[in-house]
Amino acid sequence: MKTNQSIPHRFFFAVTAKPKTIMALAFVIIIATGAFIPTLTIDSRSEAFLPEDDPALLYRDHVEETFGLKDPMVIAVVNKGEHGVFNPQSLQLIQWLTNEVMKMPEINRDRVVSLATEDNITGNEEGMLVEKFYKNQPETQNDADNIRKAVMDFPLYLGSLVARDGSSALIVTEVYDVNEAPKVYEKLLALVERAPTHGEQLHVAGDGAVSGYLVTYINADSARLVPISVVIITLLCILSFRTWRGVLIPTVIILSATASALGFMAAAGVPIYVITTSMPILLVGVAVADSIHVLSQYYEELANHPEKGQRELVVRTMELMWRPVTVTTLTSMIGFLGISISSFMPSMQAFGLFSLIGLGVAGLFSLTFVPAALVILKPVHSSAFKTSGPDIFSRTMDKVGGWVLGHTKIVIFLAFIVCVGGVIGALKLEVNESWVENFRASEPIFLADVAINETLDGSNTLDIVIETANKEDIFKPENLRRIDALQSFLTTLPHVNGSTSIVDYIKQMNRSLNENKTSEYLIPDDVDLISQYFLLYSASGDPTDFEEQVDYDYQMALVRARLDSARYQQSKVVVEEAQKYIDYVFNTDEIKATLSGRVNVDYHWLDTLLGTQFKSVLFALVLVWLLVCVSLRSFYGGILAVIPVMLACLSVYAFMGVMGITLAVGTSMTAAIALGIGVDFSIHTLDRIKLLITDQGVEPDVALRRLFPTTGRALLFSFVAVFVGFGILGLSYVPPLSKLGMLIAFSVLISFISSMTVLPALIKQLKPAFLGYSKKCSVCERNERSALEIIKQQP
Amino acid sequence: MKKLILNSSLFLVFFSSSILAIELPSGDEIALKINARDEGIAVSRHLKMQMTDRHGKVRVRETRAFRKYFGDEKRTAIFYLKPKNIKDTAFLTYDYADKEKDDDQWLYLPAMRKVRRISASDRGDYFLGTDLSYEDIKLETRISIKDYTRKTIAESEVDGFHCYVVAETTVDNETAEELGHLRRESCVDDNIWIVRKSQFWDLQDNLLKTTYFRDISKVQGIWTAHTIDVENHKTGHHTKFTFSDVDYSKGVKDSVFTKNVLKRGL
């Protein structure tokens with residue numbers, strides 16, 4: 001201990017010897033790292049959750065390339081009236097919207113699909129008829145009824161382009177350049193705004209819309225939340241210290257943390273992902289906590305020893321604070337390290353890694369910049385730390401301490417109940433995430449998705465790639481029948497409302513060439529006839545017409561199933577059942593099927609989320625425990641330190657269970673972060689108790705009581721800082737971030753409460769020797785009464 | 001918006017041509033010279049269609065093709081020889097000079113043993129899975145006078161031959177929509193008055209496709225392009241027509257262009 005003390009003493013003596021150099025260096029670091037920030041880019045794609053070399057993602061990209069699939073932008077026209085969209089006004093509206101989107105230079109006019117652009121393929125005795133559904137502009141209800149009849153008799157578009165009950169229809173568009181999707185989304189919204197409606201509801205949806213929308217969200221979030229959190233933290237510092245330095249010094253620490261986290265991220269060429277947008281906001285709260293503890297200690301020293309010189313005060317403060325500051329910084333970093341290591345998602349890895357860097361720099365600054373800055377300034381008393389007596393915060397904490405130490409058994413019992421509730425909650429924890437839940441339920445994009453999934457077959461696609469042995473094998477009737485059976489099977493699965501493939505087109509062609517008889521909606525037996533149908537179709541179609549259904553060699557085909565839900569629990573059933581069918585029923589040596597599409601990709605990465613979550617928590621827990629053990633030189637101490645955070649984690653699980661919050665990308669990180677940050681409270685508590693007992697020779701139970709007005713007060717402020725930091729994140733427009741913020745804030749609250757209640761209660765009950773309790777517990781008990789007497793006599 | 005593009009491109013065409021127009025023959029003069037070239041009343045030829053998608057996958061179809069003018073009316077018959085699964089499939093079309101009258105089209109499907117009538121196509125529709133439009137097939141190497149206004153904008157060279165660049169813009173939106181393009185630029189060989197290269201811009205004024213007429217030589221006194229290469233810039237799809245065994249002299253029987261022959265075969 002002596003050598004330990006002397007090294008920090010020498011270190012802080014050196015730091016305070018050249019304060020100006022240290023401060024200059026600090027500003028150089030802030031400016032140098034901050035200079036990279038303007039080069040940051042935003043990546044809001046949903047694919048950004050997956051590493052670029054993920055096999056499921058690679059395969060999907062390959063499939064999209066083979067079949068020329070692009071994520072469309074969609075306008076949905078919904079009419080809940082008697083005729084649905086099949087009334088003259090709504091049909092004219094579809095025509096109007098179609099014409100307008102075709103005028104947009106960003107949209108590929110050739111790929112705009114709506115009732116107004118599409119052909120109806122029918123037949124009569126003479127042959128096949130290919131005519132527009134809109135032969136003429138529909139003027140009367142009779143015209144509209146005729147169109148309805150034609151559409152309802154054309155199975156290919158039902159559920160995909162028009163609702164089966166006629167209540168909605170889509171205008172499907174494709175942008176030339178996906179980077180322009182956000183811009184096009186805005187333009188489509190404006191178009192919908194000025195559209196001549198007659199009671200129809202219009203929605204804009206699509207993947208481009210999602211990504212575009214997230215960029216808007218991210219920018220709006222940062223512009224709003226960062227200033228709020230800075231203002232609140234500043235107010236908190238004013239309230240806590242009531243001096244200029246008490247505000248400015250923590251501000252520099254905040255700057256150092258955010259500048260280094262974002263600066264290193266920019267320098268590493270890592271873009272801002274949806275998740276990492278929360279980084280500056282939470283760094284503000286977490287980084288400032290250490291400087292609050294240091295400054296509190298400083299003002300306390302100043303109040304208690306007004307006769308001492310500034311440098312002596314500062315060195316003394318730092319000697320007392322370096323260990324808890326270092327350990328708490330390291331534990332917070334461990335929480336983020338756990339996320340960074342255990343997750344395979346680039347966005348979560350970046351979030352963990354760069355938050356860790358920011359916290360590390362903030363810790364370093366707390367140990368160097370803070371003493372340097374303090375030593376330059378003359379000693380100025382904080383009115384919050386009067387020698388005359390404790391302020392309201394100290395007195396409140398003191399009262400809390402009095403109650404807790406008087407009711408230790410109740411406190412421990414309550415903690416036990418929380419434990420049980422948490423375990424039950426943790427066992428019920430399930431993964432459920434859907435991309436649309438990235439948006440608030442009141443947002444247009446969310447409403448659009450709801451409208452499409454309610455009236456049409458669904459906006460979520462599961463693709464099945466069919467591969468055959470030879471060119472043109474797709475024409476073989478036996479292969480087509482196998483695909484047909486697969487499609488029938490898929491529609492028996494929950495939430496799968498429809499599917500399309502080349503088979504549907506072949507059946508329709510067969511029907512139209514056989515006088516349009518419904519009974520001829522089937523796969524013909526003759527392989528030559530099927531190939532001739534395609535030649536026939538090409539007489540009026542585009543060369544690339546079937547690109548999305550079949551490859552140019554007629555060797556591969558794509559079946560696209562539509563689901564009305566993107567939620568993991570629902571897609572899981574569909575993906576797993578479809579895979580079983582493929583493995584046991586579909587696949588032969590001649591023909592093979594493979595799953596792809598968004599539903600499949602999402603299933604694969606979400607499937608690993610639960611494991612990732614427990615891995616990161618376990619990692620953080622073990623490492624934090626080890627660190628505290630080393631710091632306190634006691635295994636027992638390590639266990640005591642992690643009890644409050646384990647309680648906090650368990651109450652988070654219980655809270656998630658009660659609130660129906662499921663494990664998703666955002667929320668899966670809660671436990672590890674909460675653990676790393678929450679443990680700070682118990683470390684400060686234990687460190688202070690140990691200091692009071694072993695170094696200052698205070699009676700153990702007196703030390704426990706004395707903890708509350710001093711360290712308790714500092715913990716209260718650092719808790720509020722962290723709580724506010726994450727709480728502000730709870731105001732985010734992005735629901736996953738808002739949930740993450742709320743859950744961590746909640747767990748920090750529990751960590752703080754249990755560090756101030758359960759931990760002292762346990763210490764009082766267990767009387768651990770590592771804190772300086774005498775091994776003979778009877779002695780402690782006898783001393784208890786007299787110790788309390790002494791405290792009461794204190795002013 | 002479309003009008004704006006149209007007007008501004010007209011302006012550009014006008015502006016650039018007014019500087020050069022002094023020595024260049026006018027667009028209309030060139031168009032008339034092209035259309036005055038002899039194409040023969042009837043022709044029979046072997047036509048190989050080779051289509052390639054953007055991944056480089058190829059479909060090859062071999063046919064025997066006939067074309068004959070009946071006054072202003074033009075009839076085309078195509079009999080498929082290869083590949084096996086579409087052998088004996090045959091296509092017949094009557095293009096009427098009267099624009100108001102829809103063209104008639106039939107297809108014989110041997111697997112059904114039936115001639116089926118198929119709906120008339122728009123002029124801008126793609127012809128039997130190729131990158132050529134029905135209008136391209138109908139005009140071959142000629143030019144439609146009524147559909148465009150034209151200016152000669154430059155001199156250039158294609159495949160080593162001197163040519164005039166004629167910029168043509170569709171007369172109105174309706175025509176543009178029918179044809180599937182807004183404007184085009186053709187390089188016309190001023191020696192033999194045949195188009196060697198054409199570029200098309202779609203209705204949003206994006207480059208749509210480029211057509212090359214190659215292997216041009218005289219057959220029985222008539223200038224004939226033996227290769228037509230079309231590249232669709234938007235889809236990456238590519239078409240190559242190769243004509244061989246071209247014969248203008250023997251004539252083609254009227255009966256070739258009937259449903260009976262379509263079904264019975266040649």
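Residues are numbered from 1 along each chain as its sequence is written, while chains are lettered from A and ligands numbered from 1 in the order in which they are written. In this predicted model, local features need pLDDT of at least 70 and side-chain atom pairs count only at pLDDT 80 or more, but totals for chains, interfaces and linings use all residues.

**View 1. Chain B holds five helices and 13 strands.** Helices (H or I, at least four residues) and strands (E, at least two) are DSSP runs, numbered from the N terminus. The radius of gyration of chain B is 19 Å, close to the 18 Å from the globule rule for 266 residues, so chain B is as compact as a globular protein of that length. That radius is taken over C-alpha atoms, and the rule is 2.2 Å times the number of residues to the power 0.38.

**View 2. Helix H16 (residues 502-512) of chain A is mostly covered.** Nine of its eleven residues are buried. Buried means that 20 or more other C-beta atoms, placed from the backbone, lie within 10 Å of the residue's own. Among the buried residues are Ile502(A), Ile506(A) and Met509(A). The cover includes helix H15 (477-492), strand S7 (496-500) and helix H17 (527-538) of chain A.

**View 3. Three strands of chain A form an open antiparallel sheet in the order S4-S1-S5.** The edge strands are S4 (168-173) and S5 (201-206) of chain A, each pairing on one side only. Two strands pair if DSSP finds at least two bridges between them. Six bridges join S1 (residues 73-78) of chain A to S5(A). Ala76(A) stands opposite His203(A) in S5(A). Helix H4 (residues 88-103) of chain A packs on the sheet and touches S1 and S4 of chain A.

**View 4. Chain B meets chain A through 33 residues of chain B and 28 of chain A.** Residues are in contact if their C-beta atoms, placed from the backbone, lie within 7 Å. On the chain B side, strands S5 (104-109) and S6 (114-118) of chain B each give two or more residues. That side divides into twelve nonpolar, eleven polar and ten charged residues. Here Ala, Val, Leu, Ile, Met, Phe, Trp, Tyr, Cys and Pro count as nonpolar, Asp, Glu, Lys and Arg as charged, and the others, Gly among them, as polar.

**View 5. S3(A) and S6(B) pair in the parallel sense.** Two bridges make up this pairing. Met128(A) has Ile118(B), in S6(B), as its bridge partner.

Conventions: Buried ≥ 20, exposed ≤ 12 C-beta atoms within 10 Å, placed from the backbone. Contact = placed C-beta atoms within 7 Å. Axes fitted to C-alpha atoms, helices over the stretch in contact; angles between N-to-C directions.
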